[in-house]
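Subject: Structure handover

Hello,

Here is the structure for you to look through. Please open it beside this email and follow along.

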Amino acid sequence: MERSDLFMAFAWSLRQGQLDQSTGASATTIETTLRECARIMVARELADPRRRHQAQTRLDTSFSLQFKKWKNEDPAPRPEHALPNSTVKLLARLYGASTKKNLTIIADLVIIAYFFLLRVCEYTKSTRSTQTIPLRRQDIQLWQNNRILHHSLPREELLRADAVTINLENQKNGVKGAVVHHTSSGDSTFDPVKSMARLVFAIQTLPG
């Protein structure tokens, strides 16, 4: 009972934002946090504080009713709206036409992220520790007529590639060695193959 009361006090502190001085966590966040804490306790052969009897499948009434009350108080979820295709194309075209090298590289990164559905930490270095390994030149294969092009080739030859394959060594979702392949879109300003070829060439001029 004491551990159950402590668990409920922890839930209330999350709700009131006492731990991070925020406006308070949502009911879903609190429910998920307590579930994870309970899972760790059970793994260490301790009882789940949310259940009076460990054989019961449902949570104790005090927890289930409290979660339900908080969910009723929470505002309705607002779905995220995806960027339309035209916005991504406009960004790629404007940055790609820039005379500044860093902006043209950003344009190519945007195109690659769009076509390969990459998370930010999968194509740029994260400022915090993460299990995701960002995409590296060694993870990229450029193809022409089913033949792999060596990365050391001149820019003009790399741009003749008609397909590209990337290997994501480790991802946030725990999937390792995911391979994704794309053929050329035929659009000179919005093509994942041409963008990857330009990036591979740009990396050649950088320090090891």
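At roughly what angle do the axes of helix α2 and helix α3 cross, and within what distance do they come? They cross at roughly 150°, and the axes come within 8 Å. Helix α2 covers residues 27-43, and helix α3 covers residues 61-73.

Before the rest, some ground rules. This is a predicted model: local features need pLDDT of at least 70, side-chain atom pairs count only at pLDDT 80 or more, and totals for chains, interfaces and linings use all residues. Residues are numbered from 1 along each chain as its sequence is written, and side-chain values use heavy atoms, with hydrogens and water left out.

Helices (H or I, at least four residues) and strands (E, at least two) are DSSP runs, numbered from the N terminus. Axes are lines fitted to C-alpha atoms, for helices over the stretch in contact, and angles run from 0 to 180 degrees between N-to-C directions.

**α2 and α3**

The pair α2 and α3 is roughly antiparallel. Angles under 35 degrees count as roughly parallel, over 145 as roughly antiparallel, 65 to 115 as roughly perpendicular and the rest as oblique. On the α2 side, A27, I30, E31 and L34 meet F63, F67, W70 and K71 of α3. By class, that contact has six nonpolar, no polar and two charged residues. Here Ala, Val, Leu, Ile, Met, Phe, Trp, Tyr, Cys and Pro count as nonpolar, Asp, Glu, Lys and Arg as charged, and the others, Gly among them, as polar.

Look at E31 in α2. Is E31 buried or exposed? It counts as buried, at 18% relative accessibility. Buried means under 20% relative accessible area, exposed over 50%, partly exposed in between (1.4 Å probe, protein chains only). Leaving aside neighbours within four places in sequence, E31 is in contact (heavy atoms within 4.5 Å) with F67 and K71.

**α4 and α5**

Now move to α4 and α5. Their axes are 7 Å apart, at an angle of about 155°. They are therefore roughly antiparallel to each other. From α4, the contact uses N85, V88, L91, A92, Y95 and G96. From α5, it uses L103, T104, I106, A107, V110, I111 and Y114. The classes are ten nonpolar, three polar and no charged residues.

L91 sits in α4, which spans residues 85-96. It is partly exposed, with a relative accessible area of 34%. Beyond its neighbours within four places in sequence, L91 is in contact with G96 and V110. The C-alpha atoms of L91 and I106 are separated by 9.4 Å, and the two residues are 15 apart along the chain.

**The cores**

A nonpolar core is a set of buried Ala, Val, Leu, Ile, Met, Phe, Trp, Tyr and Cys residues joined through side-chain atoms within 4.5 Å. The largest one has 19 residues. Those with the most contacts inside it are F116, L118, I140, L142, V164, I166 and M196. At least two residues each come from α5 (101-116), β1 (140-144), β3 (163-170) and α8 (192-204). α8 gives the most, with five residues. Another core lies apart from it, with 13 residues, including A27, A38, L59 and F67.

**Two asparagines**

Finally, find the loop between β1 and β2 (147-149), which holds N145. N146 is found in that loop too. N145 has a positive phi of about 55° although it is not a glycine. For N146, also not a glycine, the positive phi is about 65°. N145 is exposed at 64% relative accessible area, and N146 is exposed at 75%.

Best wishes
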